[in-house]
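User: I have a structure open here and want to go through a few residues. Can we start with one from a loop?

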Amino acid sequence: MDKYIYDDKNGLWYELQGDYYIPCLILPTEKEQPIGLWGQRHLHYLKEYHRLTYTNLLTSGRLNEYLAEIDKQAKDMFLRLIKQMSEREGVTKQLKTENQMEWVGRMNNIRSRAVEIVNAELIYS
């Protein structure tokens, strides 16, 4: 009995494993791109709550590219929000030199709000 067979009807190779022939499927190659914190969070979200989208991206070879783009968008949005909020609320370098503890507290508050906005708008939607 042959270990591999070719099916002319669908153009797939099959491998004998035990008593069954299993299709030999290979995922398309994808350009590796670094995925940061935001991309990892979105990946976890997709795996947990949107399995179909995750599977479609994975099998089409676009998952890494998609996550890298989400990561870039989230990072840009996060930095832009921090800058806008700190300017609007008067958290400046001058405040940092005059009262470091107040500056740290206010910046932490701004960062927390920015994280929540990015999560709600991009990561968990």
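Analyst: Setting aside neighbours within four places in sequence, Gln33 is in contact with Asn64, Glu65 and Ala68. Note that this is a predicted model.

User: Where is Gln33 found?

Analyst: Gln33 sits in the loop between β3 (20-23) and α1.

User: Is Gln33 buried, partly exposed or exposed?

Analyst: Gln33 counts as partly exposed, because its relative accessibility is 25%, and buried would need under 20%.

User: Switching to the nonpolar core. How many residues has the largest one?

Analyst: The largest nonpolar core has 16 residues, and Val118 and Ile123 have the most contacts inside it. Helices α3 (63-88) and α5 (100-123) each supply at least two of its residues. The most comes from α3, which gives 7 residues.

User: What is Val118 in contact with?

Analyst: Beyond four places in sequence, Val118 contacts Trp38, Ala74, Met77, Phe78, Leu81 and Ile123.

User: OK, the helix pair. At what angle do the axes of α3 and α5 cross?

Analyst: Roughly 140°, and the axes come within 9 Å. The crossing of α3 past α5 is right-handed.

User: Which residues make the contact?

Analyst: From α3 the list includes Ile70, Gln73, Ala74, Met77, Phe78 and Leu81. From α5 it includes Met107, Ile110, Arg111, Ala114, Val118 and Glu121. By class, the contact between α3 and α5 has 15 nonpolar, 2 polar and 3 charged residues.

User: What span should α5 have, going by its residues?

Analyst: With 24 residues at 1.5 Å a residue, α5 should span 34 Å. The C-alpha atoms at its ends are 32 Å apart, so the two values agree.

User: And which residues of α5 are buried?

Analyst: Met107, Ile110, Ala114, Val118, Asn119, Leu122 and Ile123. These buried residues pack against α1 (37-49) and α3.

User: Asn119 is on that list. What is its relative accessible area?

Analyst: The value for Asn119 is 13%. Asn119 therefore counts as buried, the limit being under 20%.

User: What does Asn119 touch?

Analyst: Asn119 is in contact with Trp38, Arg41 and Tyr124, again leaving out neighbours within four places in sequence.

User: Last one, Glu15. Which strand is Glu15 in?

Analyst: Glu15 belongs to strand β2, residues 12-17.

User: Buried or exposed?

Analyst: Glu15 is buried, with a relative accessible area of 18%.

User: What is around Glu15?

Analyst: Glu15 touches Lys3, Tyr4, Tyr20, Tyr21, Ile22 and Cys24, not counting residues up to four places away in sequence.

User: And how far is Glu15 from Ile5?

Analyst: Glu15 and Ile5 are 6.7 Å apart in space, C-alpha to C-alpha, and 10 residues apart in sequence.

Key. Residues numbered from 1 in each chain as written. Predicted model: local features only at pLDDT ≥ 70, side-chain atom pairs only at ≥ 80, totals over all residues. Heavy atoms only, no water. Core = buried A, V, L, I, M, F, W, Y, C linked by side-chain atoms within 4.5 Å. Buried < 20%, exposed > 50% of the residue type's maximum accessible area, 1.4 Å probe, protein only. Helix = DSSP H or I, 4+ residues; strand = E, 2+ residues; numbered from the N terminus. Contact = heavy atoms within 4.5 Å. Axes fitted to C-alpha atoms, helices over the stretch in contact; angles between N-to-C directions. Left-handed = near helix turned anticlockwise from the far one by under 90°. Nonpolar A, V, L, I, M, F, W, Y, C, P; charged D, E, K, R; others polar. Expected span 1.5 Å × (residues − 1).
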